[in-house]
Amino acid sequence: MALYYFGIYTLMVKHKANNNNTNTRCSESITVYIVIATVLSAALVYSQAYSYSYKQFYTFAQTQNPALSLSNLIKEGQPHQGSTAALVTLIDFSDLQCPLCGRFVKATEPQINSTYVQAGKVALVFEHLPNRGFDSLPAALAAQCTNDQGKFWLYHNLLYKNQGPIDSGWASKDNLKKFALQVPGLDIQKFNSCFDSQKYKPFVESNLALAHSLGFTQTPSFIIVKSDGSNSQQLLGPQPFPEFKAVIDKELGA
Amino acid sequence: MGEKRKKGDSMNLSNSSRRRQSITSLKTTIPLAFKMVFPNPIYIAIASAVFTTFWIVFNVLDQLLFFSPVFTFYLPDDAIAGFIITNITSALMGILVAMNVYVIRNSGIKLDRSLFSGSILGIASSACASCSSIGFLIISTLGGFGIFATDFLTNYQTPLRVVSIAILLWALYSVHNKITKPCILDSSYPKRNGETQRKRQPQQQQQQQKITSSTSTLKTEKDPTLTRDDII
């Protein structure tokens, strides 16, 4: 973008300088500069996309992180679904207030679930990355409290289904308690005491620390890793199913 | 009082008739601006290049277009409105850049400022579709105010984009004025023309000498003040 404006500005200056002795060369050079600026901008976009993909595939591919092994994540108490014997783990770093996380849950997650999680090939693990607003942390604490009673995914889906604009009040403490009332089989007294005491605040903060140590600031962010914590690969943003399929198939085949 | 009211009424009438005239004249001047600029394949190429670049940038920022691991474009339900706005913004950007280049090439008029403000607003609001990536940076540097800023940009993304389209439309209106004004004849045209012809006679003589000495180039590209009669 800056290239466009710089190019156009340069043309204006040059044109003004040459305005007295007008010739066709000047007007032709304007077009040449504009085309060059456009091509450079396109090249910039492409190179950024390429470097992003490079980072995505090769930065983490060679490292092994025991903290990301499925057994360790389950031991720590991370919400998860799918077989504990799955070959690959998909770790989802999300914020319950984030609209793009909502897009992933509605558009891509059902396909991953039916294709890989139900088939026992992939285990899906949720990590909290509450960085979008003031109500993000209470939402994460409430969701983690439902995990005590095995109701995390019901509550998680309920929140994304009823998601509103960030910090508009839809995820206020009172509303989070009201949403908990809608989860069938949830012991509300246990939930309220857990939520009010902020029992899982250190846990959510440790999730945040892990996300930052991995360089994640964007939600949703994903790590696709072999279940022993090796050969991890990143995907950033609410990417469509074909992107996940390409990485998961590679992990399953590797 | 009565006379004043009559005067006021006649003023209102003349204002409303002017407005009507200007609206009806837009129907002819906007297509005229397009006819003047876009028969030239260079401007079509510029508009297409700008449209394509902005379309890619906007859709990458909106997380609809992915280059890797596989090249994918997808359009979830929640992104349809944004995608339509993105297409309109990109198309307007393409047209505006091409028209502005036409203006620069054919006259010494400055580039329209609203092109910058409109495009910057469009880019900023679409960048905030995936605001969380810069959100952390803003939050960590600006604290609570940063959260307010990113919340505002994310929650009001669609209205902000509509505002950017409005600004781009205004830019289109002003740039089309710059293109077509020298060609419009008004009621005082013969008189004005007579005056300008008389004033310009010595200048034209000089120009004639220059033209005969240089290669055959169009008159309109040299002098933006030429009227339609001169062109014809």
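C101(A) is buried in this predicted model, at a relative accessible area of 1%. Buried here means under 20% relative accessible area, exposed over 50% and partly exposed in between (1.4 Å probe, protein chains only). C98(A) also counts as buried, because its relative accessibility is 0%. Numbering starts from 1 along each chain as its sequence is written, and chains are lettered from A in the order in which they are written. The model is predicted, so local features need pLDDT of at least 70, side-chain atom pairs count only at pLDDT 80 or more, and totals for chains, interfaces and linings use all residues, while side-chain values use heavy atoms, without hydrogens and water.

C101(A) belongs to the contact of two helices. In α4(A), C101(A), G102(A), V105(A) and K106(A) meet H156(A), N157(A) and Y160(A) of α7(A). Contact means heavy atoms within 4.5 Å. These residues comprise three nonpolar, three polar and one charged. Ala, Val, Leu, Ile, Met, Phe, Trp, Tyr, Cys and Pro count as nonpolar, Asp, Glu, Lys and Arg as charged, and the others, Gly among them, as polar. The axes of α4 (residues 99-107) and α7 (residues 152-161) of chain A come within 10 Å and cross at roughly 115°. Axes are lines fitted to C-alpha atoms, for helices over the stretch in contact, with angles from 0 to 180 degrees between N-to-C directions.

One disulfide is present over all chains. The term denotes a pair of cysteine sulfur atoms within 2.5 Å. C145(A) and C194(A) form the link, with their sulfur atoms 2.0 Å apart. C145(A) lies in helix α6 (residues 136-147) and C194(A) in helix α9 (residues 188-196) of chain A, so the pair, 49 residues apart, links distant parts of the chain. The angle about the S-S bond is -85°, and the link is left-handed. Both cysteines, C145(A) and C194(A), are buried.

F241(A) lies in helix α11 (residues 241-253) of chain A. Its relative accessible area is 12%, so F241(A) is buried. F241(A) touches T108(A), Q111(A), I112(A), T115(A) and Y116(A), with residues up to four places away in sequence left out. The C-alpha atoms of F241(A) and T108(A) are separated by 5.4 Å, although the two residues are 133 apart along the chain.

Chain A as a whole has 11 helices and five strands. Helices (H or I, at least four residues) and strands (E, at least two) are DSSP runs, numbered from the N terminus. Of its 254 residues, 51% count as buried.
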